[in-house]
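User: Could you show me how to read contacts, cores and backbone geometry in a model like this one?

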Amino acid sequence: MASRFAHFVKGLRYLMALLLIVPAVLLLAVGPRAGGALPSDRVIVDYWEKWTGEEEALLRQIVDLFNNTLGKEKGIYVRCLSTSSVNQKTLISTAAGVPPDIAGLWDTNVAQFAALDALEPLDDLAAEYGITADTYKPVFWQTCRYDNKLYALVSTPYDVALHYNKKIFHDNADRLRRAGLDPDRAPQTIAELDAYAAALDQIGPNGQIKLAGYLPLEPGWYINYTCLWFDGSWWDDTAKRFTFTSPAVVASFDWIQSYSRKLGKSAVSDFRSGLGNFDSPQNAFLAGTVAMVQQGTFLANFIHNLKPSMDGQWAAAPFPSVRPGLNNVTYCNTDVFVIPRGAVHKREAFEFIAFVNRQENMEKLCNMHCKISPLAKVSDDFLNHHKNPYIRLFESLAQSPNAHAAAPVPILPEVGEELSNMVQRIALLEISPAAGLADIQPRLQKKYDDFQARQVRRRVMQTK
Amino acid sequence: MSLSTDQRNFYKGMAFLSPWLIGFTVFTVIPIVLSLYYSFCDYSLLQSPVYEGLGNYSTLVHDPIFWTVLKNTVIYALMALPLGMVLAIVVAILLNAKIAGVTIYRTVIFLPSLVPAVASAMLWLWLFNSKLGLINNALRGLGMANPPGWLSNPTWAMPALVLMSAWGIGNTVIIYLAGLQDVPRELYEAADIDGATPLRKIWHVTLPCISPVIFFNLIMGIIGTLQVFGAPFIMTGGGPARSTYFYTMYLYDNAFVNLKMGYASAMAWVQLLIVLLLTALAAWSSKHWVHYSGK
């Protein structure tokens with residue numbers, strides 16, 4: 001009996017082993033292959049991109065177009081992979097020596113990654129393909145450069161303008177007129193913006209905000225660059241010095257704080273904390289709880305997709321500046337293509353980047369993403385058939401001499417964190433802007449100087 | 001050369017152990033050792049490390065953000081740890097009672113532990129929403145005209161996160177429940193004969209008997225609260241005005257946003273030393289309040 005049981009257990013063991021081994025062998029032999037669907041006669045270019053959802057799907061149209069035309073002709077196949085936290089994954093893979101051939105990063109990464117030798121310089125390849133400064137609007141060409149070298153090319157850019165809800169303006173026309181304001185146009189100076197906002201504000205009996213004419217912190221994505229509309233900048237690229245304590249910068253943050261003083265710090269923070277997500281119909285501008293917002297070209301797409309009934313009920317205008325004569329000021333932002341250091345197929349990767357940067361392809365991609373074109377030359381077709389009805393305005397803003405981009409500072413994330421914290425503190429009336437800026441000025445300058453000193457020391461060591 | 005049975009068994013054991021051993025060495029031991037070296041270097045991950053002695057540690061001491069995050073983390077630990085432990089013990093004692101449907105109650109208490117951290121953070125974001133959130137709606141229903149702004153208010157953001165942490169006590173409750181099942185019935189009977197009230201029975205019988213479990217949960221709690229990351233990272237990003245900016249978040253930002261891997265490594269070692277110190281302190285104090293039945 002015991003012997004039969006032992007045989008049974010032994011048989012069970014063999015059966016279990018067989019059940020594990022056979023599927024494993026079958027999987028190895030005929031299972032899915034990572035590169036199973038890839039053409040074996042082409043060079044595979046790995047491209048990591050941050051976009052997901054609809055934006056990714058639209059980009060894939062361009063990738064497919066390349067793979068079916070020029071890629072086919074030149075024996076290149078671009079494999080596009082949607083990647084979350086793409087900047088961090090690019091960084092880690094670059095450090096490990098196995099980077100993608102192309103990474104779709106943000107413009108704010110360029111200086112930091114370039115300074116740390118994470119990117120391949122693209123000057124030679126760009127020249128070879130006839131891509132020069134003249135190809136682009138100046139602000140975007142500058143964005144792609146660091147320390148006199150080209151490290152990136154633009155994928156899709158946008159600039160910001162004032163978006164205002166025409167229906168709210170119309171519904172409150174009498175209030176605006178009583179305040180001496182024209183309900184049929186946008187404010188043109190900061191003082192006018194404040195007057196429009198005050199006339200449109202609707203405050204409840206307990207001081208709670210029911211409708212805000214304008215709030216600098218809603219959504220506040222570009223709040224760190226408010227000084228541009230005050231004719232200032234917190235970075236002097238010639239002297240390589242921060243200028244946080246310059247009068248224009250202080251004035252811009254004073255203006256941000258003035259809204260907390262006017263409406264009450266708790267009222268503002270409570271109002272903002274009750275707002276919905278940006279990409280939802282509960283977006284403050286879409287929901288009609290904020291009448292004017294500073295936002296990018298792409299907002300038209302969100303309005304059309306999330307609240308089509310609002311189409312035609314909003315308008316865009318240059319964001320007001322502190323003084324008349326300071327016209328068409330804007331902050332430009334862009335996604336970029338980079339080739340990480342150590343990429344295996346650098347030339348083939350650039351072939352794809354150059355393909356996207358051809359006028360017809362770039363305009364197609366930018367229109368699909370509801371953004372402006374970074375190129376100096378823009379076709380009438382692009383302007384006439386763009387998703388954003390105010391595309392001509394956004395294009396002209398980006399061409400303006402007052403168009404500015406992210407400061408080319410390699411410690412930009414730290415600057416952003418410090419400024420973001422300071423903005424929160426001044427909005428909560430915890431600190432005056434002058435004191436806050438005086439506090440961060442020496443700290444950030446020291447961090448910048450330390451960073452540069454370390455880089456110099458490193459270069460000296462490398463040359464030894 | 002023939003091997004003895006013991007030798008054969010040893011090699012067989014090592015062969016079976018090797019996948020874990022290799023993984024542990026490659027993914028844990030080597031990174032730990034390297035991080036100690038990097039903590040003395042200027043290292044961005046992208047360029048080779050440059051030795052700079054105690055530079056990172058010296059910068060750390062003079063970094064005001066370091067002290068802010070350390071203070072925030074200690075305050076959070078001091079609030080979340082006692083709250084979580086007391087609440088878990090109380091709930092476990094209640095769930096240990098012989099009442100109808102106790103299995104359902106136990107399941108309900110444990111369920112939040114099964115919800116992924118990101119999902120629960122998103123859920124609590126809405127619960128804490130000052131306008132539409134259930135919490136403020138309930139407070140308004142109770143007559144509070146201006147309930148707190150929770151996550152938008154520096155005074156309330158930290159208590160909000162502490163409150164949320166109590167939601168995930170399910171795991172701890174299960175461990176306490178297991179401990180409670182082991183308390184000898186005769187001790188309660190003896191206490192009954194002596195005329196002890198329910199509270200005295202808990203104080204003099206239950207708590208001493210489950211003190212090893214309390215000690216275990218204390219150690220786990222110290223480690224867990226000092227490493228708080230997920231919920232504030234998703235829900236507040238450290239704000240408003242750095243009021244919920246915690247140690248591990250700053251460490252992460254230095255490593256993967258500011259690309260200061262050497263500095264982040266120094267922070268990690270300081271954190272390890274703090275955890276070690278507190279654990280040693282708890283272990284030292286345990287001889288005064290932890291009772292093992294075998295002794």
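Analyst: Happy to, starting with contacts. Two residues are in contact if their C-beta atoms, placed from the backbone, lie within 7 Å. Leaving aside neighbours within four places in sequence, A:Cys144 is in contact with A:Val110, A:Leu150, A:Tyr151, A:Ala152, A:Leu153, A:Val154 and A:Val336. This is a predicted model: local features need pLDDT of at least 70, side-chain atom pairs count only at pLDDT 80 or more, and totals for chains, interfaces and linings use all residues. Residues are numbered from 1 along each chain as its sequence is written, with chains lettered from A and ligands numbered from 1 in the order in which they are written.

User: Which residues touch the most other members of the largest nonpolar core?

Analyst: A nonpolar core joins buried Ala, Val, Leu, Ile, Met, Phe, Trp, Tyr and Cys residues through C-beta atoms within 7 Å. Buried means 20 or more other C-beta atoms within 10 Å, exposed 12 or fewer, and partly exposed in between. Here, the largest core has 182 residues, and A:Cys144, A:Tyr151, A:Val338 and A:Phe352 touch the most other members. A second, separate core of 13 residues includes B:Leu95, B:Ile169, B:Ile210 and B:Ile214.

User: What is phi of A:Asn148 near, and is the residue buried or exposed?

Analyst: Most residues other than glycine have a negative phi, and most peptide bonds are trans. Phi of A:Asn148 is near 65 degrees, a positive value. Because A:Asn148 has 7 C-beta neighbours inside 10 Å, it counts as exposed.

User: Where is a cis peptide bond?

Analyst: One joins A:Glu218 and A:Pro219, with omega about -5 degrees. Another joins B:Gly239 and B:Pro240, with omega about -10 degrees.
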